[in-house]
Amino acid sequence: MANSKKTAVQKKDNKLTILLIIGFIIVAAFVALYFITSKSNEDKLAHNPYGKKNLEQSTIDILNDKNYQNIILPDELQKKISSGKPTMVYFFQSDCPHCKKITPILMPLAKDMGVHIDQFNLLEFKQGWDQYTIEGTPTLVYYKDGKEQLRVVGEQTADTFKKFFEATILKDQKS
């Protein structure tokens, strides 16, 4: 009887030891993942176009995305609009599901049509919401002579964006 109690205790101890080992492995895996992610983010942030080191994770995730390479900073955008030059601005948020759907349509289309679009990330520069009267993302706005001329808001088709380009910058280029 004493042997069977001893065996039962040993089995319990073995199960506890196995659970502790598994728990340790899981914690170690999470710690390793944290450090790998931190290092990866640190590398991505080294030469980012935002001019700051404390970016939202969704912004860090798009830093190398070819569709998000025309980032403009708040002061640059204000100067550009104030200059009176025709300016096309895409207001987006890096965590916006509608923007993630539209950007891969919008940016290649603009490139194909010879239209330059500056991209303003409202997640990183929240003052832009009020400053440019943005009510939702994505929003594409055309400025000329220092004033807004036309805007399109929300998920749109490639055809809608094409017509928007034709009605704005491409029209100005022909005049």
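Helices (DSSP runs of H or I, at least four residues) and strands (runs of E, at least two) are numbered here from the N terminus. The structure is a predicted model, in which local features need pLDDT of at least 70 and side-chain atom pairs count only at pLDDT 80 or more, while totals for chains, interfaces and linings use all residues. Residues are numbered from 1 along each chain as its sequence is written, and side-chain values use heavy atoms, with hydrogens and water left out.

The protein has 7 helices and 4 strands, and from the N terminus on these elements follow the order α-α-α-β-α-β-α-β-β-α-α. Of its 175 residues, 37% are buried, where buried denotes under 20% relative accessible area, exposed over 50%, and partly exposed the range in between (1.4 Å probe, protein chains only). Among the contacts (heavy atoms within 4.5 Å) with a separation of 6 or more, 64% join residues 24 or more positions apart.

Helix H1 spans residues 2-45 and contains isoleucine 26, which counts as partly exposed, at 43% relative accessibility. Together with Ile18, Ile22 and Phe30, Ile26 forms a nonpolar patch on the surface, with about 400 Å² of accessible area in total. Accessible areas come from the Shrake-Rupley method with a 1.4 Å probe.

In helix H6 (residues 158-167), the buried residues are Phe161, Phe164 and Phe165; they lie on the same side of H6, because they cover an arc of only 95 degrees around the axis, taken from the directions from the helix axis to the C-beta atoms.

Tyrosine 50, in the loop between H1 and H2, is buried, with a relative accessible area of 4%. Its contacts, leaving aside neighbours within four places in sequence, include Leu55, Phe92, Asn121 and Glu124; the C-alpha atoms of tyrosine 50 and glutamate 124 are separated by 8.3 Å, although these residues are 74 residues apart along the chain.

Notes:
Patches are made of residues with over 30% relative accessible area and no salt bridge: like charges are joined within 9 Å, nonpolar side chains (Val, Leu, Ile, Met, Phe, Trp, Tyr) within 5 Å. A salt bridge is a side-chain nitrogen of Lys or Arg within 4 Å of a carboxyl oxygen of Asp or Glu.
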